[in-house]
Amino acid sequence: MDNFVAPQCDQSVQIVYHDEDILLINKPSGLLSLSGKNPLNWDSVHYRLVNGQTGITAAYPEAKLPHRLDLGTSGIMIVGLNAAASKHLSKQFQARTIKKRYVAMLHGWLIDDEGQISASIAKDKLLFPRVKICETTGKTAVSEYKVLQRLTQPQRTLVQFTPITGRTHQLRIHSQFIGHPILGCDLYNNAQSEHMAARLQLHASDLYFQHPVSNEQIHMQCAGTF
C-alpha cells in the first residue's frame, strides 16, 4: 500500500464555518485527509490547512483532525484549531456523541424506503486495505438508510445514511452487502457500479456536535452534488 500515490486534487478545501476554536470544512473528493507515508502523498486536508491555500485560506498551524474521511468521500469535516478544542472533539468522537449523516448514490433500486443494515466488519488481511463482512471475527457495524429519490436511466437510488457505528469503509461495504454498491467505488462494487461514476458518490452531509468551548449543540450541513 506504500506504493499507492493519490492523484492530484485540483479542488480546494472550502471553509464552511470558523471561529477561534474550530473550523468546519468541505473536503473535496480525491484528497487525502492526512498526508501519507509515501512522500508523493504529502498533499492532504491537514497539509493544506496547516500551510494555507494561497489566495484561498489562511494557515492554521495548530489544526488537528479529530476524524477523517476516505480519499474518495467528499463533505463536512470538523477541525480543532488549538490543543484544548482538538482534545474535546476527539473525546466526543470516542464517546460516539457526534452524529454524522451522509448521502450516497447506489446502484439499482432499493425496495424498502428505509431500513437498517447490521453486518459485522473485519479487516481482510489478504486484500488490504479492504475489509470484509464476518460475523465471527468482525466488530458490530450498523447503518441506517432512508431513500431520498429513485432515478432511472440507469436505475439508481439516492439515499441518506446514518452510521450508528463508525467502522472503516462501513457505508461502502454495507451498500455492497445489500446488493446496491455505491457508484464509483473501486473496492466494493459489482460489474457495473464502479464505472457508472467518475468519483465515489458518497458525501458527508451533516454533523451534529457540541462546541468544545461554548458547549452549544450545533448541527452543520454541507450540501453535495454528484
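Let's start with Ile-25. Setting aside neighbours within four places in sequence, Ile-25 is in contact (heavy atoms within 4.5 Å) with Val-13, Gln-14, Ile-15, Val-16, Val-45, Leu-49, Gly-75, Ile-76, Met-77 and Val-79. Buried means under 20% relative accessible area, exposed means over 50%, and partly exposed is in between (1.4 Å probe, protein chains only).

A quick word on what you're looking at. This is a predicted model, where local features need pLDDT of at least 70 and side-chain atom pairs count only at pLDDT 80 or more, while totals for chains, interfaces and linings use all residues. Residues are numbered from 1 along each chain as its sequence is written, and side-chain values use heavy atoms, with hydrogens and water left out.

Now for the charged pairs. How many salt bridges does a search of the whole structure find? The search turns up four, a salt bridge being a side-chain nitrogen of Lys or Arg within 4 Å of a carboxyl oxygen of Asp or Glu. Here are three of them:

| Pair | Closest N and O atoms |
|---|---|
| Arg-172 and Asp-70 | 3.0 Å |
| Asp-113 and Arg-150 | 2.9 Å |
| Asp-186 and Arg-172 | 3.2 Å |

Take Arg-172 with Asp-70, joined by a salt bridge. This pair links distant parts of the chain, 102 residues apart: Arg-172 sits in helix H3 (residues 170–177), and Asp-70 in the loop between helix H1 (45–51) and strand S3 (74–80). Helices (H or I, at least four residues) and strands (E, at least two) are DSSP runs, numbered from the N terminus.

Arg-172 also forms a salt bridge with Asp-186. Asp-186 lies in the loop between H3 and strand S10 (202–210), so this pair ties together parts 14 residues apart in sequence. Put together, Asp-70, Arg-172 and Asp-186 are linked in a network of salt bridges.

Is Arg-172 buried or exposed? Arg-172 is buried, with a relative accessible area of 7%. Asp-70 is partly exposed at 26%, and Asp-186 is partly exposed at 44%.

Finally, Asp-113 pairs with Arg-150 in a salt bridge. Asp-113 is partly exposed at 48%, and Arg-150 is partly exposed at 32%.
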